[in-house]
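Please consider the sequence and the structure shown here, and keep both in view while reading the explanation.

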Amino acid sequence: MVDPRAHRPGLLARDNDDPVKIVAVAGLVALCSALAVTAAAILLEPRQAAHLEAEQAARMAAMLETLPAMAEVLAESGADSLTTRLVDLATGAFVDGADPADYDAEAAAADPASAVTIPAELDIAGLRQRAPHAVVHILEQDGEVALVILPVSGTGYQSRIEALLALEADLRTVAALTITAQADTAGLGARIEEPAWQALWPGRVVSDETGAIVISVVRGAASTPYEVDGISGATRTGNGITNMLRYWLGDHGYGPFLARLRDGGL
Amino acid sequence: MRSAVSRIITPLIDQNPISRQILGVCSALAVTTALDTALLMSAALTIVLCLSSALISLLRHHIPHVIRLIVQITIIASLVIVIDEILRAFFFELSRALSVFVGLIVTNCLVLGRAEAFAMRNPVGPSVLDALGNGLGYSLILILVGSIRELLGQGSLLGFTVFQTQTDGGWFQPLGLMQLAPAAFFIIGLLVWAIRAIHVDQVEPSGQAATPGGGLR
C-alpha cells in the first residue's frame, strides 16, 4: 500500500493525461465559468429588466396617444379614467383583491403551477399555455365603456409577437393595434412594427354579425372591413397576427370577458 | 514587430476567415441586413475571439488533450453569455435585432477554429494578435456586406437616409432581395470572386476539393 501523499506532485505539475488532473481542470474551468456567468446575470439583471419595462411602457404610451377617443376623454376627465383591471379569462369576471400592477402575466404563463394549458385544437396562436388572468385597461366615459385595451400574444414567423389591441365601445371595431414585442425578419415580418402598417388597423371589424371572429391579415390588399393588408414577403407573420387575434378574441381567450362587457357593461 | 503586424494584416484579406477560410458564414448571412447590427456583431465576435484566445493560450499547458475541445467550448460559451448579458443591459435595442445570433457565436467555427489551430500552440501575445486579426477580417466582411445590404435594401446607412425611398416620396425603390439571406450569399460570393481575381494564388486547382475546415457556421 503506497501512501498517496508520499510523492504527490502539485496539481498543475501533474501530467496532462493524469485522470486527477483531467477531472480537476474540467471542474475548475466549469466552476470559474459558472461564477462568471452567474455574476454577469445577477449584476446586470436590474438594468435589463428596466429596459424591458421602459420599452413596454413607451409602446403603451405611444399607442394611447394615437387613439382619438382617448385624447377626448382624457381631456374631459383627466388621466384617472383609464382603469387597469385583472380579468379571469375562464369566467370573464374581474378578479378583485389583487393589484393588477403586481400581476406578471408572463411569469404566470411560464409557471407550471399557475399556467393554463391551451388544448391543441384551440391553440392556433401556438402558445401552448397562457396565464389564467390578464391585465386589461378600460377607458370609461359617463359610466360606459369607451375603449378596452387587451394584451395579446402569438407566434410569428420566427418569434413571439406581443401586442396591445384596443377595441372601441361596440367591442367589435378596432381602435388600434400596437405590436409591443416581436423579432421577425428585419425588413419583412418586422415591418409589423411600422406605424404605417399599424395605421391600417383602426376601423377594422373583428367579428361579423353572428359574433364569429373573422378578422384576418390577407395577402395583398384588403377588400372587406374584416381584412387588413398583408405585408409582401411576410405571409407567415401576417398569419401569425391573424391567429393571435382569433385565439385571444375567441372563447378560450377574452371571449367570456367581452361577452360579459357586452351584456352588463362594467 | 513585423510578424506582429503581419498577424493582424494577413487575416484581413489574404487569409480572411469568411472569404478565404469560409468560416462564420452563418452569422454573416443573418446579421448583415443593416449596418448597425453588423457592427455590433463584429465587435461582439472580435471581443469574444480575443478573450477566448487569450484565456485558452494562457491555459494551454494545462488543458488535458482528451478534453481540450470541451474546455475550449466551455470558455467560449461562458464568454459569449457574459457578452450577451452585457449587450442586453447596455445596447438593448441592438441586442433585440441581433436576437439569437450573439448566442450562436459559440458555434461560430471561427472562434473554436482559432482556439484549436492557434491559441492552443502559441503564447498569449501572438494568440491575441491572431484573434484580433481574424476578428477584424470577419468584421471587415460583415461591415461591407451590411453596408451594401442596408444601402440597397433600405436606402439608408446606420439608419440615416441616403437614397430617398419612393414610399417617402423619393426616387429609390428598395431591393427587397437585399434584406433576405440569399443576398448575403451573393455579395460574399462576389467578394470571394473579386479577392481571387486579385490574389490568383487563392484559386484551388481544378478537380481538388474546396478549402477544408468549416461548414457553414
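The structure is a predicted model, in which local features need pLDDT of at least 70 and side-chain atom pairs count only at pLDDT 80 or more, while totals for chains, interfaces and linings use all residues. Residues are numbered from 1 along each chain as its sequence is written, and chains are lettered from A and ligands numbered from 1 in the order in which they are written.

Helices (H or I, at least four residues) and strands (E, at least two) are DSSP runs, numbered from the N terminus. Two strands are said to pair if DSSP finds at least two bridges between them. In chain A, strand β5 (residues 144-155) runs antiparallel to β6(A), and nine bridges join them. Within this pair, A:S153 stands opposite A:E162 of β6(A). The two strands form a hairpin, with four residues between β5(A) and β6(A).

Strand β6(A) also runs antiparallel to β7(A), to which six bridges join it. Here A:L165 has A:L177 in β7(A) as its bridge partner. A residue is buried if 20 or more other C-beta atoms lie within 10 Å of its own, exposed if 12 or fewer, and partly exposed in between, with C-beta atoms placed from the backbone. Seven of the nine residues of β6(A) are buried.

β6(A) and β7(A) form a hairpin with five residues between them, and A:L171 in the turn has a positive phi of about 60 degrees. Most residues other than glycine have a negative phi. A:L171 counts as partly exposed because it has 18 C-beta neighbours inside 10 Å. Another residue that is not a glycine, A:R128, has a positive phi of about 70 degrees. A:R128 lies in the loop between β2 (116-117) and β3 (129-130) of chain A, and it counts as exposed because it has 12 C-beta neighbours inside 10 Å.

In chain B, the buried residues of helix α6 (residues 109-119) include B:C109, B:L110 and B:V111. Their cover includes α3 (35-58), α4 and α7 of chain B.

Two residues are in contact if their C-beta atoms, placed from the backbone, lie within 7 Å. The contact between the chains takes 23 residues from chain A and 26 residues from chain B. On the side of chain B that touches chain A, α4 (68-90), α5 (92-98) and α7 (124-154) each supply at least two residues. Of these, α4(B) gives the most, with ten residues.
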